[in-house]
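Subject: Structure handover

Hello,

Here is the structure you asked for. My notes on what turned up follow below it.

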Amino acid sequence: MNRPGFEVADVINRFGKQFTQKYHPNSYQQRVLNALLLCRTSALGGHKEVCGCCAKERISYNSCRNRHCPKCQSSKQAFWVDDLLETTLEVKHYHIVFTIPHELNRIALLDSTGLYRQLFISVWDTLRQFGYTRFGVESGAVCMLHTWGQNLSLHPHIHCIVPAAGETLAGSMKHIGSNGKFLYPVKQLSLVFRGKLMEGIKGQLSKQGVIDRYQDLLKDVWKKPWVVFCEPSMAKAEHVIRYLGQYTHRVAITNQRIISIDEHNVTFMHKDYGDGAKQKPVTLDGVEFLRRFCKHILPYRFVKIRRYGIYSSRARAIRQKQNKRMVVRLNLKIKETVQQRLKRLTGFDMSLCPFCKQGEMKVVELLPRVRSPSGFYFLTQVKQL
């Protein structure tokens, strides 16, 4: 696996101190930036390995495992897809995306936790309402929050996996949808979604005592058309889950998109959807890059992937108890190490010697963390290894 020429950690190392002095990020944002800066460096410790065939040595440093780190998401994504496939119904699924007007970014900057929570509530209330009114079933969904656009702008939206099935009041499963072409009419979805989210936002602003300050904004947003996008269903559940798996553990920007960093600017590639999704470079001041990046650091412990209805944890547990075959299959499931599971899912063998491609790497020494004074100002001056 080739390391990119430039990384987000390099941007933090070069511009982090200037960004902190200018914008004063909160303590949690500083902790995230610190984690990304020190990921896979001697500061986090690691281990030394030796090949049993060619005797070559390799030093591997520990990962930060932060969910905002572009270097720590590939294995999590593969594991998430594998886990979801085990509990997914064998029916067609739809990919539905709920977006909001950019004017509501002001509300997100005021209270991101409140808006994102209300966004999840409104999306599921809308899907659940349409499931009952159109088909008389309790439907389900797996929903995931994204907050960014291609140029790191703030663009909150939710991707949903919705099955073409639901549970009736009698407790039986029923097929829903229209021959795989569409699940619900998107224009009606957008109207109901707009009403539910706006009602929630008004209630939230009223509790905070700032509703009067945002009356004009809310009126303008209400007049705008809201966009809900729904793709035709894919052939099998596995296809839509693997397709949507590309979205689950993405971060605001990957290291592969960064093409250059100089004394003042960062240049990275982005898709220009206004010009046929062509790949184009965009250049930002280094401090501005970090300011935009920090907009996409989710609130502390905020859950960005949620399951609802027949895909909720409670519903899955009930189905497992009722389905004896599923219980037997889960009990007989082979226990794997992380390395074995990663090899099965991705084909990447972590233990294979990268030099001779034949031997197996064995751990011969554990490397302790490099202890140092904590603090963002100090860590931004640490050289990336």
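Helices (H or I, at least four residues) and strands (E, at least two) are DSSP runs, numbered from the N terminus.

A word on the source. This is a predicted model, where local features need pLDDT of at least 70, side-chain atom pairs count only at pLDDT 80 or more, and totals for chains, interfaces and linings use all residues. Residues are numbered from 1 along each chain as its sequence is written, and side-chain values use heavy atoms, with hydrogens and water left out.

Back to the helix pair. Helix α5 covers residues 112–135, and its axis lies 9 Å from that of α6, at an angle of about 140°. Axes are lines fitted to C-alpha atoms, for helices over the stretch in contact, and angles run from 0 to 180 degrees between N-to-C directions. The two helices are therefore oblique to each other (under 35 degrees is roughly parallel, over 145 roughly antiparallel, 65 to 115 roughly perpendicular, the rest oblique). Residues of α5 that meet α6 include Leu-115, Leu-119 and Phe-130. On the α6 side, Leu-189, Phe-193 and Ile-201 are among them. Contact means heavy atoms within 4.5 Å.

Next, the sheet. Five strands make an open, antiparallel sheet in the order β8-β3-β5-β4-β12. Strands pair if DSSP finds at least two bridges between them. β8 (228–230) and β12 (305–309) are the edges; each has a single partner strand, so one side of each lacks a neighbour in the sheet. From one strand to the next, the twist averages 20°. Helix α6 (residues 186–208) packs on this sheet and touches β3 and β8. Within the sheet, seven bridges join β3 (residues 93–99) to β5 (residues 154–163). Tyr-94 sits opposite Val-162 in β5.

There is also a hairpin. β1 and β2 form it, with five residues between them. Ala-55 in the turn has a positive phi of about 65°. Strand β1 also pairs antiparallel with β13 (residues 361–367), through six bridges. Lys-48 has Ile-59 as its bridge partner in β2 and stands opposite Glu-365 in β13.

Best wishes
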